[in-house]
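This report describes the fold, the packing and selected residues of a single protein chain. The sequence and the structure are shown first.

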Amino acid sequence: MFSRREGFPHWPLHLLLAAFTLFTLYPILWVVSLAFSGQQSLAVITLPKDPTMMDRLRAVTPWPAQWSASNFVDVMTEQPFGQWILNSAIIALGTTVVGVFLACTAAYAFSRFKFTGQRAGMMAFLVSQMFPGTLMLIPLYIILVQWLGLGSSRLGLIIVYATTSIPFSVWMLKGYFDTIPKDLEEAALIEGASVGRIFWTIILPLAKPAVAVTALFSFMTAWNEFILAATFMDQEAMYTAPVGLRFFVGEYQQQWGYFAAGSIIVSIPVVILFLFLQKYLVSGLTAGSVKG
């Protein structure tokens, strides 16, 4: 059995971990620096004509010459970014509600009931995850835009995101439902409870960690997705936040300050949601067990 030698110095490992942490945080610090620089260029300072080594080191240090919140104010007041955030919030919440509801009911059916096509259905869900999402771009566009007339609408994008997230969510939830003992349901059936009541009052409360992970996955998928949103949303007022961000950095203008400020604003809801669901994510390994 391996045992740590007494007196082994820990500072090399700590130094290595600190270096990797700094390497990981460096791009994030640059985004924060650009957002609070009050400028639109990638350079936080202007180099002199004959820069010294300290000047060059200062140029690659993510620390602006002066701190300003003007980029955040301008993004929310001079740009329709607030409307884009609202569109993303409505679409992400709608996708989460619809996707999680359908995934929970489908996963419970695959986990507890025996029916024709059960194995084929699960394999179809698995195979669908092996193809890139862009493969469905053309058929989805034909169905939603040409057949249903839901182009540039929140409802159309909710349907697309919920449809693409359900296969992965069903597989994840089914695996968790399989770990919940059937003895609980059999006892409830003896007491006269219906299948629907068992699902809502017994199974779902026990499956909170899995449902939380599924909800977080569905929300992040809808919140951060760009390609499908850019394809289906052709009106500026209906853009989502990722689609709107691309117009800050284009062929004819490079507003890096607005882009960085908008990126930070977009990341805040996801961070808040993760912190809110963290207790369920951590308890996922132990929740659903039977005490006896």
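## Surface and charge

The protein chain exposes about 17800 Å², and carbon and sulfur atoms supply 70% of that area. Accessible areas come from the Shrake-Rupley method with a 1.4 Å probe; for residues, only the protein chains shown count as cover. The chain carries 16 positive and 14 negative side chains, with the centres of the two sets 9 Å apart. Lys and Arg count as positive and Asp and Glu as negative, while His and the chain ends are not counted. The place of a charge is taken as NZ of Lys, CZ of Arg, CG of Asp or CD of Glu.

## Basis of the model

This is a predicted model, in which local features need pLDDT of at least 70 and side-chain atom pairs count only at pLDDT 80 or more, whereas totals for chains, interfaces and linings use all residues. Residues are numbered from 1 along each chain as its sequence is written, and side-chain values use heavy atoms, with hydrogens and water left out.

## Overall architecture

The protein chain contains 13 helices and zero strands; helices (H or I, at least four residues) and strands (E, at least two) are DSSP runs, numbered from the N terminus. The radius of gyration is 25 Å, well over the 19 Å that the globule rule gives for 292 residues, so the chain is more spread out than a compact globule. This radius is taken over C-alpha atoms, and the globule rule is 2.2 Å times the number of residues to the power 0.38. Along its principal axes, the C-alpha trace spans about 85 × 70 × 30 Å.

Of the 292 residues, 35% count as buried. Buried means under 20% relative accessible area, exposed over 50%, and partly exposed in between (1.4 Å probe, protein chains only). Among contacts (heavy atoms within 4.5 Å) between residues at least 6 apart in sequence, 76% join residues at least 24 apart.

## Nonpolar cores

A nonpolar core is a set of buried Ala, Val, Leu, Ile, Met, Phe, Trp, Tyr and Cys residues joined through side-chain atoms within 4.5 Å. The largest such core has 40 residues, of which F81, Y161 and F232 touch the most other members. Helix α13 (residues 256-282) gives the largest share of this core, seven residues. Apart from it lies another core, of 23 residues, including M122, V170, A188 and V211.

Which residues surround Y161, leaving aside its neighbours within four places in sequence? Y161 is in contact with I91, T95, A222, E225, L228 and A229.

## Residues within helices

D74 belongs to helix α3 (residues 70-77). At 18% relative accessibility, D74 counts as buried. Not counting residues up to four places away in sequence, D74 touches Q79 and Y258.

F168 is placed in helix α7 (residues 154-179) and is partly exposed, with a relative accessible area of 34%. When residues up to four places away in sequence are set aside, F168 touches Q129 and F217. F168 and A210 are 42 residues apart in sequence, and their C-alpha atoms are 12 Å apart in space.

## Residues within loops

L42 occupies the loop between α1 (11-35) and α2 (53-59). With 47% relative accessibility, L42 counts as partly exposed. Beyond its neighbours within four places in sequence, L42 is in contact with W30, L34 and W256. The C-alpha atoms of L42 and V31 are separated by 9.6 Å, the two residues being eleven apart along the chain.

T134 lies in the loop between α5 (118-128) and α6 and is partly exposed, at 44% relative accessible area. Its C-alpha atom is separated by 7.9 Å from that of I227, 93 residues apart along the chain. S152 is found in the loop between α6 (137-147) and α7, and S152 is buried, with a relative accessible area of 8%. Most residues other than glycine have a negative phi. Phi of S152, however, is near 55°, a positive value in a residue other than glycine.
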